[in-house]
Amino acid sequence: MLFLGVALLVRVLTDNLSSPDSRQSGSLNLSGAIAALLILVSVGLLVRRSRGLLPTALSVLWLCVWTAIAVGTRGASAETLREGVREGSVVALAVIVYNAREAVTVPVATRLVQLMGFAPALIALVQLATHTGVNIAGQLRSNGTFAHPNSAAMFFAIAATVSLWQYLDRGRRRADALLTTLFAAALIATFSIDGVITLLAMLATYGALRPGPASIKRTPFVLAAIVVVAFFATPLGAHRIAQESATNVATVEEGNADTTLAWRLHK
């Protein structure tokens, strides 16, 4: 439990220390070392306890199939290898939590997420206020302690959702309400469309699955609406939406990616 919390905290706080080209090189940085360590620990737990062996094997097989496709189309490059380690570490983390589920309860896990996200969220808001952060395609976007604003946004989306759950279903503590606001604001500061869509999906699912009448389910949907309005209200957020909405599918087919959506479609 302590190992897992420390490893993930270090991983979050040091993500932006990776060099910009680290994913295209064979160098082993701290993030890669932590990912490899999580994989080794998960293998040890599977050998010792054998919990979740079948779903883990299926997940690894699924990754191996797509890795083989990547190697066949792009070659056995360091970039492909590092991506495989990244994806393998996600499966490894699931294996660790599943095998240690008596120690890592849902309330404990959510507290860990809040703890790990507090400093990055504050830094993201400071970056927004001071017009710093990272330059992505000529746009300054907050990234907190993460290597990329999109990575930060995904983490903040998770942190905002679990903080709202802590507030609504675990005693309505004022601190959880403030943390929900902090993480939602930090997500907007990243100006990540992916992150906003992810948060909306999480909140909509949470709201729909909450037991009780419609009045009980309303709060997550209200927060989702507030996030969307706030994102559109910012100049950069509105500009990003307009820019991505202008994506030309015909241009994408020709290999000319002039927006991030076009780049994704092309890839």
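Student: In which helix is Leu58 found?

Tutor: Leu58 is found in helix H3, which covers residues 53-74; helices (H or I, at least four residues) and strands (E, at least two) are DSSP runs numbered from the N terminus. This is a predicted model, in which local features need pLDDT of at least 70 and side-chain atom pairs count only at pLDDT 80 or more, while totals for chains, interfaces and linings use all residues. Residues are numbered from 1 along each chain as its sequence is written, and side-chain values use heavy atoms, leaving out hydrogens and water.

Leu58 belongs to a nonpolar surface patch of about 770 Å², together with Leu54, Leu61, Trp62, Val65, Trp66 and Ile69. Patch residues have over 30% relative accessible area and no salt bridge, with nonpolar side chains joined within 5 Å and like charges within 9 Å. The areas come from the Shrake-Rupley method with a 1.4 Å probe, and a salt bridge is a Lys or Arg side-chain nitrogen within 4 Å of an Asp or Glu carboxyl oxygen.

For contrast, let us visit helix H6. Of its 21 residues, 15 are buried (under 20% relative accessible area; exposed is over 50%, partly exposed in between). H6 runs over residues 149-169, and its end C-alpha atoms lie 30 Å apart, which agrees with the 30 Å that its 21 residues should span at 1.5 Å a residue (the expected span is 1.5 Å times one less than the number of residues). Just after H6, Gly171 takes a positive phi of about 120°.

The whole structure holds four aromatic pairs (ring centres within 6.5 Å; planes under 30 degrees apart are stacked, over 60 edge-to-face, the rest tilted). The ring centres of Phe146 and Phe155 are 5.5 Å apart and the planes meet at 40°, so this pair is tilted. Phe146 and Phe156 form an edge-to-face pair, 6.2 Å centre to centre with 85° between the planes. Phe146 lies in the loop between strand E2 (139-141) and H6, and Phe156 in H6, so the pair ties together parts that are 10 residues apart in sequence. Phe146 and Phe155 are both buried, and Phe156 is buried too. Ring pairs link Phe146, Phe155 and Phe156 into a cluster.

Finally, a word on confidence: the protein averages a pLDDT of 87, with 92% of the residues scoring at least 70 (pLDDT is the predictor's confidence in each residue, from 0 to 100).

Key:
Buried means under 20% relative accessible area, exposed over 50%, partly exposed in between (1.4 Å probe, protein chains only). Rings of Phe, Tyr and Trp (its six-membered ring) pair if their centres lie within 6.5 Å; planes under 30 degrees apart count as stacked, over 60 as edge-to-face and the rest as tilted.
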